[in-house]
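Here's a quick tour of some charged pairs and one surface patch. Have the viewer open and follow along.

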Amino acid sequence: MNLQTRLSVWVGGVLFLALTTLSVLSGVVLYQVRLSDMNQELRDQSRLVMNSARLYQGKNLPNVVLQTLASGSEFVDARIEQQGKVIWESDFRNMPETVQEGFSNLSGWHVYRISSSEFEVEVGRPLTSLQETLRSYAVVSIPLTLLMSLLGALGSGWVLGRNLQPLSNLTARVQTLDRPEPIPEIHRPDEVGMLARALAESLETLQRTRKAELEFLRVASHELRTPLTALKAELEYTLSKPRDLQVYETALRTLHRNTEHLERLAINLLTLTRLQGSPLDLQPVDLWEITGAVIDRMVPLALKKNLSLDFDGLPTTVKGDPITLSRLIENLIFNAIRYTRDGEIRVMLGEHMLTVQDQGQGFPQELLEDHEAQKPDLEGFGIGMKVVRSICALHHAHLQLENTIRGARVTVTFP
């Protein structure tokens with residue numbers, strides 16, 4: 001049983017109970033009103049009979065009295081007693097006798113008895129008319145209660161169906177999250193609209209995450225393929241036939257370089273994964289100290305290529321994450337060393353600004369024209385530059401790539 005049916009049954013049940021309670025209360029009120037009218041009528045008739053009994057000494061009451069007893073909604077039977085002996089009665093019907101003063105119900109009759117010093121008067125009416133009234137009321141109210149409950153259940157089901165239809169559409173859409181279509185837009189201010197908007201935001205987040213994962217896998221596979229292919233080719237060439245020690249040494253050095261490259265790729269991939277996992281906790285950090293530590297690590301690599309690695313400028317503090325900022329600076333300096341055959345590499349710090357300038361081959365024109373785009377096909381500017389761009393974005397920093405007369409220059413401006 002779905003939600004719409006359950007709610008419709010629930011509404012119908014509650015409506016039935018409410019209408020039944022209302023019908024019972026109405027029946028009770030109707031009974032009390034009819035009984036009160038009957039009591040008042042019996043009081044009036046009893047006084048009339050008592051006055052007539054006094055006037056005519058309980059005998060030979062005029063016809064006007066009988067006509068008065070018969071003038072109401074129903075004949076009222078009357079009886080006059082004197083010292084416990086019946087001296088007159090209307091003889092309309094066989095009204096039972098009672099000795100109880102006031103009102104009493106006897107054998108389906110409602111009887112009222114009053115007495116004076118001379119006479120006792122009893123008037124009464126059968127309860128048949130009152131019972132018939134209640135029976136007629138029940139004949140009308142019970143089917144009406146059932147009909148109204150049924151109509152209420154059907155009406156609530158129709159209204160619920162219209163209101164729950166967007167939820168059905170949302171359910172069908174959520175079951176196929178891989179489809180590119182957005183969540184159906186619902187401009188309702190109620191819970192259904194809120195749920196639709198929350199699902200739309202969640203779907204957008206999931207799609208961004210999915211897109212980032214696919215892009216990460218694409219870049220990672222591309223970046224890992226080149227060094228692994230070179231590694232495999234070098235091993236196959238070296239092992240294809242017996243060679244002298246010098247050839248083996250050269251092959252090992254090549255394998256060592258490729259292993260270092262794979263290690264750097266792995267570090268960058270882990271960094272990229274971390275950047276995509278959660279936002280950074282940016283704190284004021286000393287960019288001079290971080291840059292100096294990176295310079296100390298990169299100097300041996302520069303000296304290995306007979307390059308000069310200079311660091312100058314002014315200390316500056318920026319809001320950032322020291323680990324990722326260290327990775328950003330290391331990637332920029334590593335690329336500068338990698339693409340510089342000879343000359344110098346300068347790392348400069350200014351007010352909220354980091355500049356790395358080399359004397360290498362410069363950036364490809366395609367990267368300069370659209371350096372924000374993903375360019376894994378450009379050798380050396382795939383995962384490393386992606387990490388740099390991601391770190392800059394998380395630090396709200398501006399990244400500028402440019403070629404100089406000799407070499408390339410990268411400027412990162414922090415807010």
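What follows covers the ground rules, then the salt bridges, then the patch.

## Ground rules

This is a predicted model, where local features need pLDDT of at least 70, side-chain atom pairs count only at pLDDT 80 or more, and totals for chains, interfaces and linings use all residues. Residues are numbered from 1 along each chain as its sequence is written, and side-chain values use heavy atoms, with hydrogens and water left out.

## Buried charges

With a salt bridge taken as a side-chain nitrogen of Lys or Arg within 4 Å of a carboxyl oxygen of Asp or Glu, the count is 15. One of them pairs glutamate 122 with arginine 79, closest N and O atoms 2.8 Å apart.

Glutamate 122 and arginine 79 are both buried (under 20% relative accessible area; exposed is over 50%, partly exposed in between; 1.4 Å probe, protein chains only). Arginine 113 also bridges to glutamate 81, at 3.6 Å from N to O. Arginine 113 sits in strand β4 (residues 109-115) and glutamate 81 in strand β1, so this pair ties together parts 32 residues apart in sequence.

## A surface patch

Leu144, Leu147, Met148, Leu150, Leu151 and Leu154 make up a nonpolar surface patch, with about 570 Å² of accessible area together. Patch members have over 30% relative accessible area and no salt bridge; like charges are joined within 9 Å, and nonpolar side chains (Val, Leu, Ile, Met, Phe, Trp, Tyr) within 5 Å. Areas come from the Shrake-Rupley method with a 1.4 Å probe, and for residues only the protein chains shown count as cover. Leucine 154 lies in helix α3 (residues 128-174) and is exposed at 55% relative accessible area.

How values were computed: Helix = DSSP H or I, 4+ residues; strand = E, 2+ residues; numbered from the N terminus.
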